[in-house]
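Please take the sequence and the coordinates below together, and follow the description from the overall surface to the pocket and then to the aromatic rings.

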Amino acid sequence: MTAPTSSGRADRVRLPVDRGWSRTRGGSRKFNTAPRPLGRSSGRRRKSWTPWLYLAPALVVLGGLLVYPVYQLGLISFFEYTQAQVSGGEPTTFQGFGNYSELFSDPQFWQVLLATVVFAAACVVSTLAAGCALAVLLTRVRAVPRLALMLAALGAWATPAITGSTVWLFLFDPDFGPVNRLLGLGDHSWTYGRFSAFFLVLLEVVWCSFPFVMVTVYAGIRSVPAEVLEAAALDGASQWRIWRSVLAPMLRPILVVVTIQSVIWDFKVFTQIYVMTGGGGIAGQNLVLNVYAYQKAFASSQYSLGSAIGVVMLLILLAVTLVYLRLLRRQGEEL
C-alpha cells in the first residue's frame with residue numbers, strides 16, 4: 001500500500017501481513033500477502049488490567065486493614081463470646097444465628113435503630129441545607145468575606161470530634177454556658193431531655209460536617225458556565241428558582257456523592273453522642289447503634305452481641321453504598 005506525501009511522491013506504508021501459502025479454487029498455490037487485522041482484543045485486555053495494576057498496592061493495604069477485621073467481627077458474632085471466654089474460664093461455643101435472634105427479639109434494639117435512622121436523616125438534611133446555602137453564598141460575596149468564611153468552615157472541619165463536643169457542651173452548660181444567658185433560660189439543661197439532647201448533638205454534627213458539603217458544592221457551582229446562570233437571571237428567575245431548576249440538576253452527581261457520604265458518616269456517629277450525653281443519655285434515651293454496640297460489647301462484656309450489631313450496621317451501610325452505585329449507573333457514570 002502506498003500513501004502520497006506533500007512532495008508528491010508515494011511512500012510505501014508497511015502493514016502487518018499474514019504470510020503463507022494457500023490454495024486457490026483452481027488448485028494452484030499462491031503466496032498470501034493480505035494485511036493482518038491489528039490485535040484490538042489484546043490491547044483492550046491490556047487496557048482493562050492496567051488500572052487494577054496501579055490500584056493493587058492500595059487494595060492490598062485496604063484488604064489487610066478492612067477485610068480481616070470484618071472477618072473477625074463476623075466470626076465473633078456467631079459464637080458465645082463474653083468475659084468468661086476472654087479470660088479462658090469457659091470454652092467458646094458456636095451459637096449460629098443465636099446472637100442475631102437474641103438481638104432482633106430485643107425491643108430496645110428496634111428503638112435504637114429507629115432513633116438512629118431518624119437522627120441520621122435529620123443530620124443529613126440539615127447538613128446538606130447548610131452546606132448548599134453557604135456554597136451559594138460564597139458565589140455572591142467578595143474575596144475577603146469568602147476567604148474568611150472558608151477559613152472558619154475549614155477550622156470547624158479540622159476540629160477533632162471530641163474537642164468540638166466538649167466546646168459545645170460548655171456553650172450550652174446550664175451553669176456557665178453563654179447560650180442560656182443570652183436566651184434567658186436560666187439553668188436549663190439541654191442534655192436532660194431526650195429531644196433537646198438529640199438537638200444539641202445534631203447542631204454539633206452539622207457544625208463539623210457542613211464544610212465538606214459547602215466546599216464540594218461550591219467547586220461544582222464554579223464549574224457551571226456563567227452564561228447559563230446569566231440567562232436564567234435575565235429570564236427573571238429568582239435565586240431559589242435558579243438553584244432548583246438550573247444548579248441542582250447540573251450538580252446532581254455531586255449532590256449524590258455528598259448525600260451518600262453524609263448518610264454513612266451520620267449513621268455511625270459515636271463520639272458526639274457518647275461525650276455530649278454521657279454515654280447515651282439518662283436511661284439510654286439518646287442511644288444510637290454505635291453507642292449501643294459499645295455498651296453491649298464493653299460495658300456488658302457481651303462481645304458477641306456487640307459484634308452482631310456491628311455486622312448489622314455494616315450490612316445497612318453496604319446497602320446504602322449499593323444504592324449509590326446504582327444511581328451512578330443510571331446517570332451514565334463509569335464505575
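**From surface to ring pairs**

The accessible surface of the protein comes to about 21200 Å², and 64% of it belongs to carbon and sulfur atoms; such areas come from the Shrake-Rupley method with a 1.4 Å probe, where for residues only the protein chains shown count as cover. This is a predicted model, in which local features need pLDDT of at least 70 and side-chain atom pairs count only at pLDDT 80 or more, while totals for chains, interfaces and linings use all residues. Residues are numbered from 1 along each chain as its sequence is written, and side-chain values use heavy atoms, with hydrogens and water left out.

The protein has 14 helices and six strands, taken as DSSP runs (helices H or I, at least four residues; strands E, at least two) and numbered from the N terminus. Of the 335 residues, 30% are buried, where buried means under 20% relative accessible area, exposed over 50%, and partly exposed in between (1.4 Å probe, protein chains only).

The largest pocket holds about 380 Å³ of space. Of the 13 residues lining this pocket, Leu65, Leu66, Val67, Val70 and Leu314 are the closest to its centre. Helix H1 (40–76) and helix H14 (303–330) are the elements that give two or more residues to the lining, and H1 supplies the largest share, nine residues. On a 1 Å grid over the protein atoms alone, a pocket is an open set of points where a 1.4 Å probe fits, with protein on both sides within 12 Å along at least five of seven lines, and lining residues have an atom within 4 Å of a point; the grid points are joined across faces, edges and corners, and the volume is the space filled by probe spheres set on them.

A search of the whole structure finds 22 aromatic pairs, meaning rings of Phe, Tyr and Trp (its six-membered ring) with centres within 6.5 Å, called stacked if the planes are under 30 degrees apart, edge-to-face if over 60 and tilted otherwise. Tyr274 and Tyr294 form an edge-to-face pair, at 5.3 Å centre to centre and 75° between the planes. Because Tyr274 lies in helix H12 (residues 271–276) and Tyr294 in helix H13, this pair ties together parts that are 20 residues apart in sequence. Tyr294 counts as partly exposed, at 32% relative accessibility. Tyr294 also forms a tilted pair with Phe298, at 5.3 Å centre to centre and 40° between the planes; both residues lie in helix H13, four residues apart, about one turn of the helix. Phe298 is exposed, with a relative accessible area of 55%.
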